[in-house]
Amino acid sequence: MTVSTGRRTPRADCTAGPGGGITFDLDLGRREDEEAPELLLRLRGAKGRGDGDTVRLPLSPLRDGRLRAVLPGTPEPAEGRWDVYLREPGAPDGTEVAVEPGIRDLRLLVGQVPQSGRIAVRIPYPTLDGRLAVRCWLRAPHAEAGPVTFDGHGMTVEGTLYGTGLGTDARVEARAPGAQGRVLRVPVTGKEGTFAFTLPLDELADGAVTEPRLWTLWLIPGATEDGPAGGVRISRILDDVWDRKKIFVYPGRSTGEGGRATPCYTTDNDLCVRLEPEPAP
């Protein structure tokens with residue numbers, strides 16, 4: 001529960017850095033002798049309020065009268081969506097107020113090139129109801145999707161692989177939902193940190209398509225010393241777009257048997273293929 005403090009609605013200007021750090025600047029109209037509040041980041045959907053579900057950032061005064069908090073580019077907070085709140089000095093839990101987004105400077109996120117295998121990406125963004133939140137990703141290793149092109153019934157994806165290499169038996173798996181879901185495996189090629197594969201979209205349909213299915217895409221590095229056995233989720237997170245689902249829209253392709261396959265991104269920026277019945281003419 002949140003309650004009003006009787007002050008102006010807090011609003012934060014944000015500057016995002018390529019290493020995962022974010023600077024929050026707030027103008028709260030306070031006197032210099034007033035004790036500064038603290039900024040809270042709370043993991044959305046967390047069942048409890050443990051130490052790992054809340055990040056506390058102290059606010060320090062600037063020369064122009066504003067207050068600043070800095071989220072460093074460290075391995076925490078965890079992957080997910082974090083809502084931003086302001087809590088007054090000495091106030092108990094539940095009395096904080098939501099922070100509204102101000103100016104968001106995301107220029108340093110565009111075209112960033114990670115310098116290590118462990119990637120931390122954090123993007124401040126406005127929620128649908130006008131609050132400030134931060135989308136966080138932590139990936140190690142990471143498969144960054146690039147261009148998606150089409151040739152007949154095939155979909156070709158190129159990308160960059162961070163934190164591991166490709167073994168001789170590297171492959172990409174398209175996985176259907178469910179514990180007993182089908183898996184379509186295709187070879188992957190690449191060198192010097194790149195990868196590419198072509199997925200035959202018509203092979204995703206196993207008979208008549210009667211209901212929508214979302215196939216997830218995983219890169220299996222193969223026999224490498226540091227490659228994960230379960231695979232690397234293919235996503236696109238190395239820029240300033242926090243939700244690609246409705247922004248990156250691709251054309252669909254008929255799979256036969258009344259089905260249609262369309263590449264798409266989820267709200268978590270994971271690359272998928274949506275298989276659904278062909279719409280009626």
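Figure 1. Asp 129 forms a salt bridge with Arg 131, and their closest N and O atoms are 3.0 Å apart. A salt bridge is a side-chain nitrogen of Lys or Arg within 4 Å of a carboxyl oxygen of Asp or Glu. Arg 131 itself is partly exposed, at 22%. Please keep in mind that this is a predicted model, in which local features need pLDDT of at least 70 and side-chain atom pairs count only at pLDDT 80 or more, while totals for chains, interfaces and linings use all residues. Residues are numbered from 1 along each chain as its sequence is written, and side-chain values use heavy atoms, with hydrogens and water left out.

Figure 2. The closest N and O atoms of Arg 87 and Glu 38 lie 3.3 Å apart. Strands (E, at least two residues) are DSSP runs, as are helices (H or I, at least four), and both are numbered from the N terminus. Arg 87 is buried, with a relative accessible area of 5%, whereas Glu 38 is partly exposed at 23%.

Figure 3. The structure holds 23 salt bridges. One of them joins Asp 239 to Arg 236, with the closest N and O atoms 4.0 Å apart. Asp 239 is buried, at 10% relative accessible area, and Arg 236 is partly exposed, at 22%. For a view with several partners, look to Asp 13, Asp 25, Asp 64, Arg 66 and Arg 68, which salt bridges link into a network.

**Figure 4. The largest nonpolar core, with Val 273 among its residues.** This core has 31 residues, and those with the most contacts inside it are Phe 197, Leu 199, Leu 204, Leu 217, Ile 234 and Val 273. A nonpolar core is a set of buried Ala, Val, Leu, Ile, Met, Phe, Trp, Tyr and Cys residues joined through side-chain atoms within 4.5 Å. A second, separate core has 22 residues, including Val 55, Trp 82, Leu 86 and Leu 132. Which residues does Val 273 touch, not counting residues up to four places away in sequence? Among them are Met 155, Leu 199, Leu 201, Leu 204, Arg 213, Trp 215, Thr 262 and Pro 263. Contact means heavy atoms within 4.5 Å.

Figure 5. Ala 140 and Pro 141 are joined by a cis peptide bond, with omega about -5°. Pro 141 belongs to the loop between β11 (132-139) and β12 (142-151). Glu 192 is not a glycine, yet has a positive phi of about 50°; this residue is in the loop between β15 (183-187) and β16 (194-200). Asn 269, also not a glycine, has a positive phi of about 70° and lies in the loop between β20 (259-265) and β21 (271-277). Are Glu 192 and Asn 269 buried or exposed? Glu 192 is exposed, at 79%, while Asn 269 is buried, at 0%.

**Figure 6. An open sheet of five strands.** The strand order is β5-β6-β2-β1-β9, with mixed pairing. At the edges are β5 (60-61) and β9 (100-105), each pairing on one side only. Two strands pair if DSSP finds at least two bridges between them. Strand β1 (residues 11-16) runs parallel to β9, and four bridges join them. Follow Thr 15 across to β9 and you reach its bridge partner, Asp 105.

**Figure 7. Cysteines without a disulfide.** The whole structure has zero disulfides, a disulfide being a pair of cysteine sulfur atoms within 2.5 Å. For Cys 136, the nearest cysteine sulfur is that of Cys 14, 12 Å away. Cys 136 is buried, at 0%. The sulfur of Cys 264 lies 5.4 Å from that of Cys 272, its closest cysteine sulfur, which is too far for a bond. Cys 264 is also buried, at 9%.

Conventions: Buried < 20%, exposed > 50% of the residue type's maximum accessible area, 1.4 Å probe, protein only.
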